[in-house]
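Trainee: I have a new model open and would like to go through it with you. Could we start with its pockets?

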Amino acid sequence: MLEVKHLSYEVTENQETLPIVTDINFTVNDGEMLVITGPNGGGKSTIARLLMGIIKETSGTILLDGEDITNLSIDERAKAGIGFAFQQLASLKGMTVRRLLNLAAGKELPEPVSCKLLSSVGLCAKEYLDREVDATLSGGEKKRVEIATVLAKDHKVSVFDEPEAGIDLWSFSMLVKQFERIHRSKEESLVLISHQERIIRMADRIMVVRDGRVEEIGSRDEILPKLFLEETSCACMDRAEGR
């Protein structure tokens, strides 16, 4: 179980303190899928980076299976069982896709296993294994490689920051099937940050983040109708105002 208690993060700019996320509280049960959604700029990606230790919280506590991991490094959190996929993988000149998958798995993977991982995210495996993760790969290709690195190792909790961004519909459908497979197995928990309706509808629970705070959290059946009612209202307003 992942437990987040009173998590806050703020930055100082021009001697002024700016809150980014404030007093975030939630849990993710074993085998559960939590989807975090809400307006752009609301703090969703910040929460994901705090979970992985990429940025340091101003206050609050993160527990994994009852163990306080708040002060652990990124590597230590990964060893403890947290996986993370960025919105966009950086260029890693000199690093081949094969080597990156091996590093992510923590061992040398047999070629058929590496190929299966790449195929699962919509890449023609043998064409990519020995390619470098550099500017010769498109944004969408890098994104799929990034997701494959998380799938290369079993985790207690895997966090995916907008996994649908930058990939085509066919690859997205394959990715959804992977999430469904992981979710059915109940062997690890999933935290998905997404605006995509198909992903949101897969959730056990949905957390809406707005203006750096948890606006509401509840079961899919509780939150979904509110989300779609809000979207419909906004669309009607836009049409009425001629936008």
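Trainee: How do the residues of the lining of the second largest pocket divide into nonpolar, polar and charged?
Mentor: Bear in mind that this is a predicted model. The lining of the second largest pocket divides into nine nonpolar, four polar and seven charged residues.

Trainee: What volume does the second largest pocket have, and which residues are closest to its centre?
Mentor: The second largest pocket has a volume of about 430 Å³, and of the 20 residues that line it, Leu117, Leu151, Ala152, Asp154 and Arg181 are the closest to its centre. Two or more lining residues come from each of α4 (111–120), α6, β9 (157–161) and α7 (169–185).

Trainee: And the largest pocket, what is its volume?
Mentor: The largest pocket has a volume of about 560 Å³. It is lined by 23 residues, and those that lie nearest its centre are Met52, Ile74, Ala78, Phe84 and Ala104.

Trainee: Which elements supply at least two residues of that lining, and how many of the lining residues are nonpolar, polar or charged?
Mentor: The elements are α2 (74–80), β6 (82–85), β7 (92–96), α3 (97–105) and α6 (139–151), while by class the lining has 15 nonpolar, four polar and four charged residues.

Trainee: What is Arg144 in contact with, leaving aside its neighbours within four places in sequence?
Mentor: With those neighbours set aside, Arg144 is in contact with Val121, Gly122, Leu123, Ile167, Asp168 and Ser171.

Trainee: Which residues touch the most other members of the largest nonpolar core?
Mentor: That core has 43 residues, and Leu101, Leu118, Phe160, Phe179 and Ile206 touch the most other members. Taking Leu118, and not counting residues up to four places away in sequence, the residues that it touches are Val97, Leu101, Leu123, Ala125, Tyr128, Leu129 and Ala148. There is also a second, separate core of 26 residues, which includes Leu7, Tyr9, Ile69 and Val191.

Trainee: One last thing, how many residues of helix α1 are buried?
Mentor: Helix α1, which runs over residues 44–52, is mostly covered, with eight of its nine residues buried. The buried residues include Lys44, Ser45 and Thr46 as well as Leu50, Leu51 and Met52. Just after α1 comes Gly53, which takes a positive phi of about 85°.

Technical notes. Residues are numbered from 1 along each chain as its sequence is written. This is a predicted model: local features need pLDDT of at least 70, side-chain atom pairs count only at pLDDT 80 or more; totals for chains, interfaces and linings use all residues. Side-chain values use heavy atoms; hydrogens and water are left out. On a 1 Å grid over the protein atoms alone, a cavity is a set of points where a 1.4 Å probe fits but cannot get out, and a pocket is an open set with protein on both sides within 12 Å along at least five of seven lines; lining residues have an atom within 4 Å of a point. Grid points are joined across faces, edges and corners, and a volume is the space filled by probe spheres set on the points. Helices (H or I, at least four residues) and strands (E, at least two) are DSSP runs, numbered from the N terminus. Ala, Val, Leu, Ile, Met, Phe, Trp, Tyr, Cys and Pro count as nonpolar, Asp, Glu, Lys and Arg as charged, and the others, Gly among them, as polar. A nonpolar core is a set of buried Ala, Val, Leu, Ile, Met, Phe, Trp, Tyr and Cys residues joined through side-chain atoms within 4.5 Å. Buried means under 20% relative accessible area, exposed over 50%, partly exposed in between (1.4 Å probe, protein chains only). Contact means heavy atoms within 4.5 Å.
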